[in-house]
Amino acid sequence: MSPDRSQLPLPDPEETGPDAVEQFDVAELGRLLKEHRGPLSLRQAAAEAGVSFSTLTRVEAGAQPDLATFTRLCAWLGVAPSRFFTPTATREISPLDQAITHLHADPRLTDDAANKISSVLRDLYDALAKEAVPAVPALACHLRAASVLRPGAPQRLADLLTDMNTELERLVEAGEL
Amino acid sequence: MTLPRGFKANAEREALRVRRELGLSDTDVLNVDDLADHLKVKIVSAEKLVSRTRLEELERVQAYAFSAATFQVSGRNIVVTNPLRTPGRRASDVAHELSHLFLKHDLTEIREVNGMPFRTCRPDEEEQATAFGGTLMLPRPLLLGAVRRQWGPAQIAEHYGVTEEMARYRYNTTGVAKQIRGR
C-alpha cells in the first residue's frame with residue numbers, strides 16, 4: 001500500500017489560519033498499534049482489526065495508511081482519528097532564532113555582547129510571545145475572568161470552559177436549551 | 001486604555017432607550033434576567049453544566065478567576081454565570097456579557113488558557129462592555145436621583161442590586177455628586 005496524503009482529511013484553512021498545517025503523527029499510530037496488539041501475533045491482530053497482515057505490519061513500522069485502513073485501525077484502537085493530527089506551524093525558523101543569528105553576524109558586537117543581547121531577547125520572547133495565534137480551532141466565547149491567573153488556575157479554567165461548551169452543545173442539540 | 005470619543009454619551013442614550021423598550025423608567029431597578037429574555041439570550045448557571053465542586057475548587061485556587069462567559073453555540077448566545085457570586089456581582093457579570101452583544105463585539109482575539117485557545121474580543125472592547133454594563137444598570141438620571149436623596153455608593157448598590165464596586169465606579173466616573181453640589 002502506498003502512502004497517500006491526499007486521502008487524509010485536510011485541515012480547514014478557515015479554522016487553522018494560513019500559518020498552520022495539521023501534521024499526521026504516523027509514528028504515534030505505529031506505537032499505539034504495537035502496544036494495543038500486545039502478545040497477539042500480527043496475523044491475529046490484523047484479522048481482529050479487519051486489515052491485511054502486510055498492511056498492519058507496514059503501518060506498525062511507520063508507513064502511512066490510506067483513509068479506509070486508518071479509520072479501521074482507529075476503531076480497533078478505540079481512539080478518535082483526530083488524536084493523530086498535531087497542528088504545527090509551517091514556519092521553520094522562529095523570528096527569535098533569526099534575530100539571534102543576525103546579532104551574532106553583526107561585526108560591531110563581540111560574542112559576549114551578542115550572547116548578552118540574545119539572552120535578554122530570549123527572556124522577553126518567552127514572556128511576551130505566548131499570545132501568538134494557536135493553530136488549533138478555538139472555542140468562541142466572551143470570557144469574564146481574572147486577567148492574570150495564578151498557578152493551577154489556567155488548567156482548571158480551561159477544562160471547565162471546555163466542558164461547559166461541550167455540555168451546552170449537547171443541551172442545545174437535545175433541545176433542552 | 002480609553003473609551004472612544006462619544007462612547008459614554010452614546011452609552012447613556014442607549015441605556016435609556018433599552019429601559020424604555022423594557023417598559024422601565026430611567027430610575028427603575030433593571031433586572032438583568034428580564035433584559036436577557038428581551039434579547040432572547042439564555043442565562044445558564046455553570047453548575048448546570050459542570051459540578052459545583054469543580055467551580056469551588058477553582059475559586060479556592062484563585063478567587064474570581066472565573067466570573068462569566070458568553071458561549072456561541074449553534075448560532076445562539078448563551079451566558080454562563082458562576083453560582084458562587086453574590087446576586088449583585090452576578091447582575092454586573094450578566095450586564096457585562098449582554099453589553100458585548102449590544103455592542104456587537106466580534107470574537108477576534110485569541111486568548112490562551114493553559115494552551116486551550118479561546119476566541120474572544122479585544123481588551124478595549126472588554127473595557128467598553130464594563131462601561132456599558134454599568135451604564136445599563138445605573139444610568140445617569142438614576143444616579144442623580146440617588147444623589148439627591150443623599151445616597152452614597154453603598155446605598156445605591158443595595159437599592160439597585162449591584163455591587164458596591166460598580167456603584168462607586170459609576171458614582172465617581174459620572175461626576176453626579178459634583179453636579180449636585182454645584183447647584
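Among contacts in chain A between residues at least 6 apart in sequence, what percentage join residues at least 24 apart? The figure is 60%, where contact means heavy atoms within 4.5 Å.

## Basis of the model

This is a predicted model, in which local features need pLDDT of at least 70, side-chain atom pairs count only at pLDDT 80 or more, and totals for chains, interfaces and linings use all residues. Residues are numbered from 1 along each chain as its sequence is written, chains are lettered from A and ligands numbered from 1 in the order in which they are written, and side-chain values use heavy atoms, with hydrogens and water left out.

## Chain A

Chain A has eight helices and three strands, in the order α-β-α-α-α-α-β-α-α-β-α from the N terminus. Helices (H or I, at least four residues) and strands (E, at least two) are DSSP runs, numbered from the N terminus. Of its 177 residues, 34% count as buried; buried means under 20% relative accessible area, exposed over 50%, and partly exposed in between (1.4 Å probe, protein chains only). The accessible surface of chain A is about 10,800 Å², and carbon and sulfur atoms account for 54% of it. Such areas come from the Shrake-Rupley method with a 1.4 Å probe, and for residues only the protein chains shown count as cover.

On this surface, V120(A), L124(A) and L128(A) form a nonpolar patch with about 310 Å² of accessible area together. Patches are made of residues with over 30% relative accessible area and no salt bridge, with like charges joined within 9 Å and nonpolar side chains (Val, Leu, Ile, Met, Phe, Trp, Tyr) within 5 Å. L128(A) belongs to helix 7 (residues 111-128) of chain A and counts as exposed because its relative accessibility is 64%.

## Nonpolar cores

A nonpolar core is a set of buried Ala, Val, Leu, Ile, Met, Phe, Trp, Tyr and Cys residues joined through side-chain atoms within 4.5 Å. The largest has 37 residues, and those touching the most other members include L35(B), L98(B) and M137(B). Helix 4 of chain B gives the most to this core, with six residues. A second, separate core of 29 residues includes C141(A), L143(A), L160(A) and L161(A).

## Salt bridges

The structure holds 17 salt bridges over all chains, each a side-chain nitrogen of Lys or Arg within 4 Å of a carboxyl oxygen of Asp or Glu. E57(B) and R156(A) form one of these, at 2.8 Å from N to O. E57(B) is in helix 3 (residues 52-61) of chain B and R156(A) in helix 8 (residues 153-173) of chain A, so the pair joins two chains.

R170(B) and E12(B) also form a salt bridge, with their closest N and O atoms 2.7 Å apart. R170(B) lies in helix 8 of chain B and E12(B) in helix 1 of chain B, so the pair ties together parts 158 residues apart in sequence. R170(B) counts as buried at 5% relative accessibility, as does E12(B) at 15%. In chain A, E28(A), R31(A) and E35(A) are linked in a network of salt bridges.

## A buried glutamate

E126(B), in helix 5 of chain B, is buried because its relative accessible area is 19%. Its side chain makes a polar contact with the side chain of H96(B) at 2.9 Å. A polar contact is a pair of N or O atoms within 3.5 Å; within protein, one must be able to donate a hydrogen and the other to accept it, and residues adjacent in sequence count only if both atoms are side-chain atoms. Leaving aside neighbours within four places in sequence, E126(B) is in contact with residues including L143(A) and H100(B).
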